[in-house]
Amino acid sequence: LPVKTIGSVPVNVSLVYPNTYSIGMSNLGFHSIYSQINSRDDALCHRAFLPSENSNISNINTVEADKPINEYDIVGFSISFEMDYINIIKILESARISVFSEKRQMPLVMAGGPAATFNPEPLSPFVDFFVIGEGEEVIHEIIDKYREFQNSSKQEILEAFAQINGVYVPSFYNITYDKEGKVQDIKAESFTQSQITKCWVKDINKYNTESVILTPYTEFKDMFLMEISRGCGRNCRFCMAGYCYRIPRYKSLDKVLERAEFGLKYKGKIGLVGAAVSDYPFIDELAEKLVENGIKFSVSSLRADTLREPLMKGLAFSGHKTLTIAPEAGSNRLRRVINKGITDEHVINSVKLAHRYGIENVKLYYIIGLPGETEDDINEMIVFLTFLKDYMKGLGNKRGNLTISVNPFIPKPFTPFQWFGMESVRLLNERIRLLQNRLKPKGIKIIFESPRLSEIQSALSRGDRQTGLLLYDIYKKGAGTSAYKKTEIDGKGIQYYAHRYLYQDDILPWDHIDLGLNKDYFISEYNRAIEGKNTARCTDEKCKVCKICRHK
């Protein structure tokens, strides 16, 4: 990348990841936008992060220039997780930037990333404009437009941005609420889009979405990360990513092999990134070619029903010691409800195949509190895991660990489960204790996310602008456990937003965002879930199930 200094080019952007350096530099989307901005002669992008707990929070400076982020024209946040929302408030205030958009002139505050795409509303009081969807192409339109209106007022710049497909300027949308706190109406100004249509990259072969800056200070310090696919067509009904990043797209085998060879110049292992790497159409050939060329690799995700010998052989060659897969639900019945498409038999066969190649440790991901879950589903999960531990021993695997990671279900916008509230914290804790009491004596390790933390994520996931104001009040009270529990606006706190049930004829806080899938489709999938009916996965053909291919 060309060396540029702040002020030497017309457009200066500080790209901020609202968490630590280690986490932010593990995010390929962050790398990609950084690269795209810096590829231009008329713009620069410098990085900033939330300082570690031992650092001075008042010193929010960029890595490249050690300059305060408020000296840049645009401060852009890349947002992947709800728990980082409060860090955005903290960073703005610490950088002496007015937290509320309506009180701020410059710099402009931009936000993008998965969390900003599926529901920007909780952050709307603080952000001037959002990028909805994938940013590699639209970021160039934004910079072009900014250059055109750079000497204009903030209002004029935002009005110009509002004409760009995929850019959402929340101040141009008036949202009213009824006495229950539900959205009553969404009215857009006449000069802007009534529906914000997501941006998406039709040909991901055009972009090398990969590690741009290599650093030893990340979780994946020994790997060169590279994207091989984007989106997922599996229709898992709980999964926001499967709907937000549809249509599934794949990089060509030749392109992947070319970038793997490039990455090998810098790191000893390649990290293959995708929503379901084992679903990559050429995964068997890719694994064989990588092994043939002596390239070790790791994968971001696997599915038990598409895990075959060439990939397993490649993982063993690359030094993998643990097989990680996600059955998600505790019973076969509940997996039909969520449309996971994985059976106990798939899991058993994967464990058997892994053992054949010397991979003895197994880690399984489960969600508890899914819609329709009963104690029978939990008991079936316990019976199966007990069997699986014994099965591993029966294979001759005496020393391998069986670990399960348990996470509470968090309802997400733009999924068939978006109307459900989160299960009660009390019941979730009871089920975690049941799993611990029954599985630990069998030598099965259990790790889990706190239902209290999940409750906060759930509130923010399906929240609205009122939720954002609530979060600001919580921040001002210290953001401790008691602040989250006791803070309310109009009698409504985190618990209300986390557990409320929304109705199918309600106006949802994100109804003015268009990801290409209409509400009737989600209602249909909701009904199929209740009936335990399967929905086929997306294909490259123009099917008539979700009809998103009309955007192709």
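This is a predicted model: local features need pLDDT of at least 70, side-chain atom pairs count only at pLDDT 80 or more; totals for chains, interfaces and linings use all residues.
**Entry 1**

I began with an open sheet of four strands. The order reads β15-β16-β17-β18, and the pairing is parallel. At the edges I found β15 (322–328) and β18 (445–448); each has a single partner strand, so one side of each is left without a neighbour in the sheet. From one strand to the next the twist averages 20°.

Then I went through the pairings. β15 runs parallel to strand β16 (residues 361–368), and five bridges join the two. For a landmark here I noted Ile-325, which stands opposite Leu-364 in β16. Moving on, seven bridges join β16 to β17, again in parallel. My landmark for that pair is Tyr-365, with Ser-405 of β17 opposite.

Is strand β17 largely enclosed or largely open? I checked burial along residues 402–408: six of the seven are buried, so β17 is largely enclosed by the rest of the structure.

**Entry 1: cavities**

Next I wanted to know where space is left inside. Rolling a probe the size of a water molecule over the atoms shows where empty space is left. The search of the whole structure gave me four cavities of 30 Å³ or more.

The largest cavity comes out at about 90 Å³. I see 13 residues lining it, and those nearest its centre are Met-25, Ser-211, Thr-218, Phe-220 and Met-223. Sorting that lining by type, I get six nonpolar, five polar and two charged residues.

The second largest cavity has a volume of about 70 Å³. Its lining includes a run of neighbours in Gly-231, Cys-232, Gly-233 and Arg-234, and I also listed Ser-229, Pro-248, Tyr-250, Ala-276, Asp-279 and Arg-537. By type, the lining of the second largest cavity splits into four nonpolar, three polar and three charged.

I went looking for exceptions here. Most residues other than glycine have a negative phi, and most peptide bonds are trans.

Where are the cis peptide bonds I noted? One joins Met-106 and Pro-107, with omega about 0°. Pro-107 sits in the loop between α3 (85–94) and β4 (108–112). Another cis bond joins Arg-246 and Ile-247, and here omega is about 20°. I placed Ile-247 in the loop between α7 (240–244) and β12 (249–250). I flagged that bond for another look, as the second residue is Ile-247.

On phi, I wrote down two residues. Ala-479 is not a glycine, yet its phi is positive at about 60°. I found Ala-479 in the loop between α16 (465–476) and α17 (481–486). Its relative accessibility is 30%, so I put Ala-479 down as partly exposed.

Asp-490 is the other: again not a glycine, and again with a positive phi, about 55°. Asp-490 lies in the loop between β19 (488–489) and β20 (492–493). Is Asp-490 buried or exposed? The relative accessible area is 66%, which is over the 50% cut-off, so Asp-490 counts as exposed.

**Entry 2: Cys-244**

I looked up Cys-244 and found it in helix α7. Its relative accessibility is 2%, under the 20% cut-off, so Cys-244 counts as buried.

What does Cys-244 touch beyond its neighbours within four places in sequence? I listed Thr-117, Phe-118, Lys-198 and Leu-515 as its contacts.

**Entry 3: Asp-185**

At 29% relative accessibility, Asp-185 counts as partly exposed.

For contacts, I again set aside neighbours within four places in sequence. Asp-185 then touches Asn-174, Ile-175, Thr-176 and Ile-507. I checked Pro-509 as well: Asp-185 and Pro-509 are 324 residues apart in sequence, but 9.4 Å apart in space, C-alpha to C-alpha.

Definitions and conventions: Residues are numbered from 1 along each chain as its sequence is written. Side-chain values use heavy atoms; hydrogens and water are left out. On a 1 Å grid over the protein atoms alone, a cavity is a set of points where a 1.4 Å probe fits but cannot get out, and a pocket is an open set with protein on both sides within 12 Å along at least five of seven lines; lining residues have an atom within 4 Å of a point. Grid points are joined across faces, edges and corners, and a volume is the space filled by probe spheres set on the points. Ala, Val, Leu, Ile, Met, Phe, Trp, Tyr, Cys and Pro count as nonpolar, Asp, Glu, Lys and Arg as charged, and the others, Gly among them, as polar. Buried means under 20% relative accessible area, exposed over 50%, partly exposed in between (1.4 Å probe, protein chains only). Contact means heavy atoms within 4.5 Å. Two strands pair if DSSP finds at least two bridges between them. Axes are lines fitted to C-alpha atoms, for helices over the stretch in contact, and angles run from 0 to 180 degrees between N-to-C directions.
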